[in-house]
Amino acid sequence: MATGSATAGGRGRGRGRGRARGQVLRAANSPAVAAAARSGFVARGVIYVLIGVLSLRIAFFGGGEQADRGGAIAEIARKPFGTVLLWLLGIALAGMALWRLSEAVFGQAGPDGGKPGKRAMAAGRSVFYGFVAYSVLSYAAGDKGSGSGSSDRTSRDVTAKALDWPGGQWIVGIAGAAVTAAGVWIAVRAVMRKFEKHLKMGEMSRRTRQVVAFLGVFGGAARGVVFATAGGFAVAAAVRHEPGRAKGMDDTLRTFADTPAGPWLLALMAVGLMTFGVFSWANARWRKV
């Protein structure tokens, strides 16, 4: 009798754990989490479109505006109802972080979404978007030093500290090489149209599919080039042991204007980033979540 009771108790606990896990899975796949993901894509698109607009201004009119996330936040803050818009933006980005966290725990949509590598990437993205959401919400709450800081100054400061560590040159060099590799990976995947497997292509008309494909290829390639270039500057800072050679997004974009193509290459990259922002909005509509 005792053994039978213990077995029954074990089965009951197992069923209880199964029900609890099922409830968590349903919550992770709920319309609320899907809405959070889609709002996050809208917010990401807003930031990239604004960075592109700021870059275009720099290309043709110069000026001291920051063509990075901080500049985009400051731009929104100057608009009517800017604080309200920043609260909405921060909440939407927090939704993106929540969705990425659910992917890290339960796997992504699709047959290979549960692979450890994909879960690890989702976890990293969750941390990143969580940090961005916190910085935007802090700025909206009155901490003007949060979120709007220069990415260039941050890159130089972090690089300087890292170079002072034992083996700092190797650490900075490896980190820069990793960012460069990530940029190349982003660009190559965009050109190969890998993003299509994450979208509900069957729900689009033929013309819409062509437009979304163009947005994904051009926008993703431009974003990858910016990342890869920034990583290259970090590698140069490590090799020469000069923190000043490290560049954030703003300085990285400005260097395109210093090429023989002049402001036109910066303008091309600016349009590319704006295109990626619009592609993010397409993800908000057709992404599989």
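Me: Which residues make the contact of α3 with α5?
Reply: Contact means heavy atoms within 4.5 Å. From α3, R69, I73, A74 and A77 meet F128, F131, V132, S135, V136 and Y139 of α5. By class, that contact has 8 nonpolar, 1 polar and 1 charged residues; Ala, Val, Leu, Ile, Met, Phe, Trp, Tyr, Cys and Pro count as nonpolar, Asp, Glu, Lys and Arg as charged, and the others, Gly among them, as polar.

Me: What should I know about the model before going on?
Reply: This is a predicted model, in which local features need pLDDT of at least 70 and side-chain atom pairs count only at pLDDT 80 or more, while totals for chains, interfaces and linings use all residues. Residues are numbered from 1 along each chain as its sequence is written, and side-chain values use heavy atoms, with hydrogens and water left out.

Me: How many helices and strands does the protein chain have?
Reply: Helices (H or I, at least four residues) and strands (E, at least two) are DSSP runs, numbered from the N terminus. The protein chain has 10 helices and 0 strands. Among its contacts between residues at least 6 apart in sequence, 74% join residues at least 24 apart.

Me: At what angle do α3 and α5 pack?
Reply: Axes are lines fitted to C-alpha atoms, for helices over the stretch in contact, and angles run from 0 to 180 degrees between N-to-C directions. For α3 (69-77) and α5 (residues 116-140), the angle is about 35°, with the axes 11 Å apart. A crossing is left-handed if the near helix is turned anticlockwise from the far one by less than a right angle, and right-handed if clockwise. α3 passes α5 in a right-handed crossing.

Me: How are α4 and α5 oriented to each other?
Reply: Angles under 35 degrees count as roughly parallel, over 145 as roughly antiparallel, 65 to 115 as roughly perpendicular and the rest as oblique. The axes of α4 and α5 are 7 Å apart at an angle of about 160°, so the two helices are roughly antiparallel. Their crossing is left-handed, and the residues of the contact divide into 21 nonpolar, 4 polar and 4 charged.

Me: And how are α8 and α10 oriented to each other?
Reply: The axes of α8 (residues 206-240) and α10 come within 7 Å and cross at roughly 130°, so this pair is oblique. The crossing is left-handed. Residues in the contact include T208, V212 and L215 of α8 and L268, M269 and V271 of α10. The contact has 15 nonpolar, 6 polar and 1 charged residues.

Me: Is N283 buried or exposed?
Reply: Buried means under 20% relative accessible area, exposed over 50%, partly exposed in between (1.4 Å probe, protein chains only). N283 lies in α10 (residues 263-286) and counts as buried because its relative accessibility is 3%. Buried residues make up 42% of the 289 residues in the protein chain.

Me: What does N283 contact, leaving aside its neighbours within four places in sequence?
Reply: N283 is in contact with R38, F41 and L199, with those neighbours set aside. A polar atom of the N283 side chain also lies 2.9 Å from the backbone oxygen of F279.

Me: Which loop holds F81, and what is the phi of F81?
Reply: F81 is in the loop between α3 and α4 (82-106). Its phi is near 60°, a positive value in a residue other than glycine. F81 counts as exposed because its relative accessibility is 70%.

Me: Where does R193 lie?
Reply: R193 is in the loop between α7 (168-191) and α8. The phi of R193 is near 60°, a positive value in a residue other than glycine. With a relative accessible area of 40%, R193 is partly exposed.

Definitions and conventions: A polar contact is a pair of N or O atoms within 3.5 Å; within protein, one must be able to donate a hydrogen and the other to accept it, and residues adjacent in sequence count only if both atoms are side-chain atoms.
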